[in-house]
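My notes are below, in the order I looked things up.

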Amino acid sequence: MTNEQLNSGNPRVDIEYRRKKNAEEMRHQVISFALMIFLTLIAFVAVAYEEFSGWFVVPFILLLAGVQVIFQLFYFMHMSHKGHEAPKLFMYAGMVVAFVTILCYTTIIWW
Amino acid sequence: MSTIAQKKGFGATLWDYLTTVDHKKIAHLYLIAGGFFFLVGGLEALFIRIQLLKPNNDFVSAGFFNEILTMHGTTMIFLAAMPLVFAFMNAIMPLQIGARDVAFPFLNALGFWLFLFGGIFLNLSWFMGGAPDAGWTSYASLSITSEGHGIDFYALGLQIAGLGTLIGGINFLVTIINMRAPGMTYMRMPMFTWTTFIVSALILFAFPPLTVGLFLMTFDRMFGANFFDAAMGGNTIIWEHFFWIFGHPEVYILILPAFGIFSEIFAIFSRKRLFGYSSMVFATVLIGFLGFMVWAHHMFTTGLGPIANSIFAVATMAIAVPTGIKIFNWLFTMWGGSIRFTTPMLWAIAFIPSFIMGGVTGVMLGSASQDYQYHDTYFVVAHFHYVIVGGVVFALFAGAHLYWPKMFGTMLNEFLGKITFVLFFVGFHMTFFIQHFLGLWGMPRRVFTYLPGQGFETSNVISSIGAFLMAAGVIVLLVNVVITSVKNEKVGNDPWEDGRTLEWALPSPPPYYNFKQLPLVRGLDAYWLEKMDGKKGMTPAEPIGDIHMPNNSFIPFTISLGLFIAAFGAMFHGDEGNTWGVPVLIFGLLFTLGSMFVRSIKDDHGYHIPKKELLDDKDLGGKA
Amino acid sequence: MHVEEKMTVEKWPASPEKQTLEAKNKFLGFWFFLGGETVLFASLFATYLALKDSVPRSDMYLAKDLFEIPLVFVMTMILLTSSLTSVYAMYHMKNFDFKKMQIWLGITVVLGLCFLGLEIYEFNHYVHEFGHTFTSSAFGSAFYTLVGFHGAHVAFGLLWITTLMIRNSKRGLNLYNAPKFYVASLYWHFIDVVWVFIFTVVYLMGMVG
């Protein structure tokens, strides 16, 4: 098995480098977490503030949910990283089927 | 662990199969179990045809007829066709991509045992108060009011079996993506592997809606929920949509592997490369995609409205395009080839006109306005038997004859194989061709009898005689299996002599580690390329080394057994005065969870076959 | 590199979750499973949307009467935070810091338990205060099935992560169990993804009416 990360010859330097990279990634994670909390707050406030019409609030909070899920998938679940091509393909395919299913149940079900 | 096969006692063999994680043995299990259910479903079909032999027949009662026709459909689709397709996928696909094993041997075994326990559970209904009787589609308004436990058996049995199928699908997907031999790029994969891949993706996305639908049905019937009860705010159409969102991809799940098997057969017995390989791959992917967009064509008369009906009608007809591409590619593969009329090739050639007939009636039915005329008549029955029998079952027979030597090391008798073919082929067209006309003349499907003087008599007699011819064909096949198994004349690597793909480079049956050295794949039809270069076998891609193998395990059996037990608890807990239902339900679920827990905490690293042992058994082959 | 090999910081690879073939398979297979789960939950959402507020009598409570912002908000914050803590656990896993990973996983489990406790309280509240039960209406059936399926996923995730933590507490990280931890954390994030849609579609949209 190849150890592609041991390429500088000096393992210590590599570890330092990786630590730094991991720490930086973790900082990004915390930022995306903060954004997610922020989006959630907006969604709750938009609903709590009863002046807005439902025609505005519903699409708006759905959009916020969509953005938040993108954060989860791409940052928390690392889908933005290399080596996630097949997971991406299958998640997108699942989302297409999911979308069609929900579309059907909100349009052509007898009411 | 010795590799030398010793004569084992019955007990040891049984234990070996109960605990096996070897994809080739799991394929045997799928073949045996699926074959058994195929015979059961066939017997039910015969009962149907005997009952309809003459007007006002009283061979079976009306209620019993409903049970038979429901179980015939359910058994044939879920317990016969799917497992038999899985048998070939398990037996052949890992060999075709040059893998030593599947990605998840443990889950592969789990998938089989879940299917088997689900199938047994469903069929126990015959002995425990009546089978399901609302048709294989089990539409909610009917199935909710059905008395007794028949529908409960349906919902719980299919739930367990469906879980197994889903697991099997994920296993195949990962196997194909991660376990291909060096040089086996996606566009060098044999067609059967490609169809396995697409089918597994369809399973992954089609089974969850069925799971949910079955859960809703279970909750409604056994736990007091109201999903389908209009009086409580429920909506019966929810079931219908879930069933067909699953059900339509399901028919592609069945037919695509059939296309894969036929693609292999046409190439082998025309001694030609498959014509238009890349367009075949493209057509398969396209069929898989479109398969999810057309489910409501089963529901044209439900009243979805003209817009929805039009969209689904257009999408349905679009599927004829990729299917047509495939048909022409098969014809062009044969064109100018040096054709050998072996048994598998006969099935393949017969498949083309038979399947086209089913396809053409499919386009007719796909036209929404016309569908109002055909709906619920024998025309529909004729259509789907033409695609499923003329497509899938033909492929299963063809595949059985083609891959029998690879799975069991001996050839089925060609003469008897051809007799099977003739009997079944003639019987099939006799049974179902006339049913198109019965439908057009107005005979409704699923009726247990009809009156004299409506012009249905002669046609029904013809249809029933055809059914018996098909049964005779199957019996000849069984005789063939027994005879060849008793004779057991061993054959070499490439018994058809024109094998093109990697599985024919291996001994028949292959050693349990498949490839001693992983092969180097230099193009499509890897083995054929080497043969044309005058080589005897594949060029190895690695030196001989230790081979890592998974350990056998009994846990897949116990996980499935737990769900089997739990299903009884769920089913009977609502009966009057029942006290053991809930405890049994909880016990069964804990049994399953406990088995999973044991699996989780017990490390299982597998074992290694040492290099020395591999060098020693020269004659076991496995040299790539 | 052998899976059971005792690891050190120096030897620990950059992607421990994908070092061996078994790990790569597990990683991919689990993602595919999540693809299937996406469709499973979509089906449940679809059922819920079709049956929302579908009750047999006009005096029964509807979504807008049932849900209250504070409780859902607290539950959401707890679950979102538990997603971050499991990211922290994976961060320490990649740095080969077993102890810290266990601590963060422990926090994740505690947050998950809090969430589950609140959900049980919530269901209990609906049943006793509003007579909104699994069997009272199609709306009730759909609501409890969707939210309950999610709750069952949380419960299973808790059992799973706890089992992994206890099983490996003595032996630390190696290439055999690193992928197990990684996959469990993927599962936990997915539960969070589903919850994002539940709080939006079920609760917030329910309150909008």
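**Ground rules.** I am working with a predicted model, where local features need pLDDT of at least 70, side-chain atom pairs count only at pLDDT 80 or more, and totals for chains, interfaces and linings use all residues. Residues are numbered from 1 along each chain as its sequence is written, while chains are lettered from A and ligands numbered from 1 in the order in which they are written.

**Chain C.** Along the principal axes, the C-alpha atoms of chain C fill a box of roughly 70 × 30 × 25 Å. Of the 209 residues in chain C, 55% are buried; buried means 20 or more other C-beta atoms within 10 Å of the residue's own, with C-beta atoms placed from the backbone.

**Chain C against chain A.** I looked up the contacts next, which are pairs with C-beta atoms, placed from the backbone, within 7 Å. On chain C, 44 residues are in contact with 45 residues of chain A. Helix 1 (21-51), helix 3 (69-94) and helix 6 (178-208) of chain C each give two or more residues to that side. Helix 1 of chain C supplies the largest share, 15 residues.

**The core.** I then asked which residues have the most contacts inside the largest nonpolar core. They are Leu173(B), Leu254(B), Phe262(B), Ile265(B) and Ala398(B), in a core of 301 residues. Such a core is a set of buried Ala, Val, Leu, Ile, Met, Phe, Trp, Tyr and Cys residues joined through C-beta atoms within 7 Å. Helix 8 (residues 237-270) of chain B gives the largest share of this core, 23 residues. Leaving aside neighbours within four places in sequence, Ala398(B) has contacts that include Phe262(B), Ile265(B) and Trp347(B).

**Tyr154(B).** I placed this one in helix 6 (residues 150-178) of chain B. Why does Tyr154(B) count as buried? Because 29 other C-beta atoms lie within 10 Å. Not counting residues up to four places away in sequence, Tyr154(B) touches Thr74(B), Leu122(B), Pro132(B) and Ser138(B). I also checked Ile68(B), 86 residues away along the chain from Tyr154(B): their C-alpha atoms are separated by 13 Å.

Technical notes. A residue is buried if 20 or more other C-beta atoms lie within 10 Å of its own, exposed if 12 or fewer, and partly exposed in between; C-beta atoms are placed from the backbone. Helices (H or I, at least four residues) and strands (E, at least two) are DSSP runs, numbered from the N terminus. Two residues are in contact if their C-beta atoms, placed from the backbone, lie within 7 Å.
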